[in-house]
Amino acid sequence: MEKPSGKQHVSSFQALMVSTASRVGTGNIVGVSTAICIGGPGACFWMWIMCIIGASSAFIESTLAQIYKRRDKDGHCFGGPAYYIEQALRKPFIAALFCVFLIATYAFGFNLLCSYNLQSTFEAYSFYDATWTPLIVGAVIAAAVGLCVFGGGKRIIKITEKIVPVMGILYVLAALIVIAFHVTNIPAMFGEIFKDAFNFRFSAE
């Protein structure tokens with residue numbers, strides 16, 4: 001495995017794991033299943049399309065972040081959308097507005113959604129208690145986040161480079177097991193996806 005070139009650097013593998021950790025999460029499980037339940041099998045097709053667009057935009061965002069990143073006096077790099085919005089587009093007000101909405105999203109909306117989805121998965125088990133289980137799950141998540149955040153960027157990198165590969169392998173194995181048990185349904189599955197994707201239904205008022 002490639003090692004960082006210096007104390008202030010991270011390897012390309014570590015950078016990949018951090019990037020993957022920021023993109024693979026609740027949306028890949030809860031979001032996909034919710035879309036299929038609400039929109040039917042055709043939702044898969046439109047998620048494929050959005051995946052192409054999302055991958056393209058993520059590549060552009062990552063490239064811009066590298067171009068317009070900055071270094072502090074200790075040689076640490078920092079940057080992101082707010083910096084290239086300010087420097088490339090020369091829109092400091094929009095950059096500041098982006099920061100406000102980003103903080104609000106991750107401080108309240110996104111993290112609340114993730115924690116809710118995580119604790120709700122335990123509802124299927126007999127030991128689930130509507131009062132105490134969410135509190136316990138929330139406390140465990142808060143402790144894990146605190147362990148990462150208060151340890152600084154290096155600790156986040158060290159934890160993600162160990163957790164993300166395991167998470168990714170388990171995702172792929174689970175998908176392969178499901179496919180193996182339902183391999184005979186694959187042709188019909190693709191047929192239903194493409195048929196339903198263009199079967200636009202309008203509710204009658």
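A salt bridge is a side-chain nitrogen of Lys or Arg within 4 Å of a carboxyl oxygen of Asp or Glu. The model is predicted. Searching the whole structure for such pairs gives 2 salt bridges.

**Salt bridge of K162 and E161**
- K162 and E161 meet through their side chains in a salt bridge, at 4.0 Å from N to O.
- K162 counts as exposed, with a relative accessibility of 55%.
- E161 is partly exposed, and its relative accessible area is 21%.

**Salt bridge of E86 and R70**
- R70 forms a salt bridge with E86, and their closest N and O atoms are 3.8 Å apart.
- E86 belongs to helix α4 (residues 81-87) and R70 to strand β1 (residues 70-71), so the pair ties together parts that are 16 residues apart in sequence.
- E86 has a relative accessible area of 35%, which makes this residue partly exposed.
- R70 is also partly exposed, with a relative accessible area of 33%.

- Helix α3 (residues 43-67) contains A43.
- A43 counts as buried because its relative accessibility is 13%, and buried means under 20%.
- Leaving aside residues up to four places away in sequence, A43 touches A35 and I36.
- V30 lies 13 residues from A43 in sequence, and the two are 14 Å apart in space, C-alpha to C-alpha.

Key
Residues numbered from 1 in each chain as written. Predicted model: local features only at pLDDT ≥ 70, side-chain atom pairs only at ≥ 80, totals over all residues. Heavy atoms only, no water. Helix = DSSP H or I, 4+ residues; strand = E, 2+ residues; numbered from the N terminus. Buried < 20%, exposed > 50% of the residue type's maximum accessible area, 1.4 Å probe, protein only. Contact = heavy atoms within 4.5 Å.
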